[in-house]
Amino acid sequence: MSVVTVTTPFNIDLEFHTAGFTRRVYAWILDLIFICVYNYVIQFFILSPLGYDSKGAVVIFFLFTALPCFLYNLLCEIFFNGQSVGKRLAGIKVISRDGNEATLSQYITRWLLGLGNYIMFILPYLVEYTIVMPIYMIYMLMVIGFFYLPDVICIAISAKSQRLGDLAAGTVVIDQRLKINLDDTIYLEIEDNGYVAKFPQVMRLTDRDINGIRNLLVVKRADKDAANYAEQIANRIKEVLTIESDMEPHDFLHQLLQDYNYLTRK
């Protein structure tokens, strides 16, 4: 599983874990089950009563079976923010490579270059024939392999587990279960109204310094070694930045973190 790193406007690197191959296959199977159920409902409750040879049945088949299955992935990702039914249940999602929601043009590009999308409307029939006549299993596997093999190879060899459509569209599929929380970064929510930075000298520190302070602050104060280390760090920062303050070490470091977040956004 690879990691996609996105730099925010606060110079914070957020990490998104790409969806694993098995989870993507799981999502695809769930989508196929959903499409099959939908297809069979249309067949048995609408097409069968009308008669498969009637003109009305042909129109209904095209408008309510073939076309929705053909456009299934595209429509789902557009209207459900990068998720199909299977992706939602599997906990994965399509996003832009820069960490934002994918745009309409990105969804269309990745769909056009997804060869598997062009056979979605026949897969329910292949599944049906395979259930009735198992010999069709070989035929179904050959069809699926022919259309999906290029994407499988691309996912396997690309650094970010991207298929052809993802590479062209600049998108990635991430595992939402493993997304990082802003609480795990140096980000703090600061009210701009009336806030005054007590130590503007903090801007002389690097993001790495600030991240070190953040990591130190999450250690429990009951830890004596951590408390002593925090005092040493606070004293060293005061010395380097020429700051005079009698604030308790943890409070001083927390104030630095707040000031840094406020001044970075100005």
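Modeller: The side chains of Asp166 and Arg110 form a salt bridge, 2.9 Å from N to O. A salt bridge here is a side-chain nitrogen of Lys or Arg within 4 Å of a carboxyl oxygen of Asp or Glu. This is a predicted model, in which local features need pLDDT of at least 70 and side-chain atom pairs count only at pLDDT 80 or more, while totals for chains, interfaces and linings use all residues. Residues are numbered from 1 along each chain as its sequence is written, and side-chain values use heavy atoms, with hydrogens and water left out.

Biologist: How many residues apart in sequence are the parts that Asp166 and Arg110 tie together?

Modeller: Helices are DSSP runs (H or I, at least four residues), numbered from the N terminus. Asp166 belongs to helix H8, whereas Arg110 belongs to helix H5 (residues 104-112), so the parts tied together are separated in sequence by 56 residues.

Biologist: Are Asp166 and Arg110 buried or exposed?

Modeller: Relative accessible area decides this: under 20% is buried, over 50% exposed, and in between partly exposed (1.4 Å probe, protein chains only). By that rule, Asp166 and Arg110 are both buried.

Biologist: How many salt bridges does the count come to?

Modeller: Another of them joins Glu101 and Lys93, with the closest N and O atoms 2.8 Å apart. Glu101 is partly exposed at 42%, whereas Lys93 is buried at 12%. By the rule given, the count of salt bridges is seven.

Biologist: Why is the pair of Trp28 and Tyr148 described as it is, and what is the term?

Modeller: Rings of Phe, Tyr and Trp (its six-membered ring) pair if their centres lie within 6.5 Å; planes under 30 degrees apart are stacked, over 60 edge-to-face, and the rest tilted. The structure holds 11 aromatic pairs. For Trp28 and Tyr148 the centres are 5.4 Å apart and the planes are at 75 degrees, so the pair is edge-to-face.

Biologist: Where does Tyr148 lie?

Modeller: Tyr148 is buried, with a relative accessible area of 17%. Trp28 lies in helix H1, and the pair ties together parts 120 residues apart in sequence, with Tyr148 in helix H7 (residues 136-157).

Conventions:
Helices (H or I, at least four residues) and strands (E, at least two) are DSSP runs, numbered from the N terminus.
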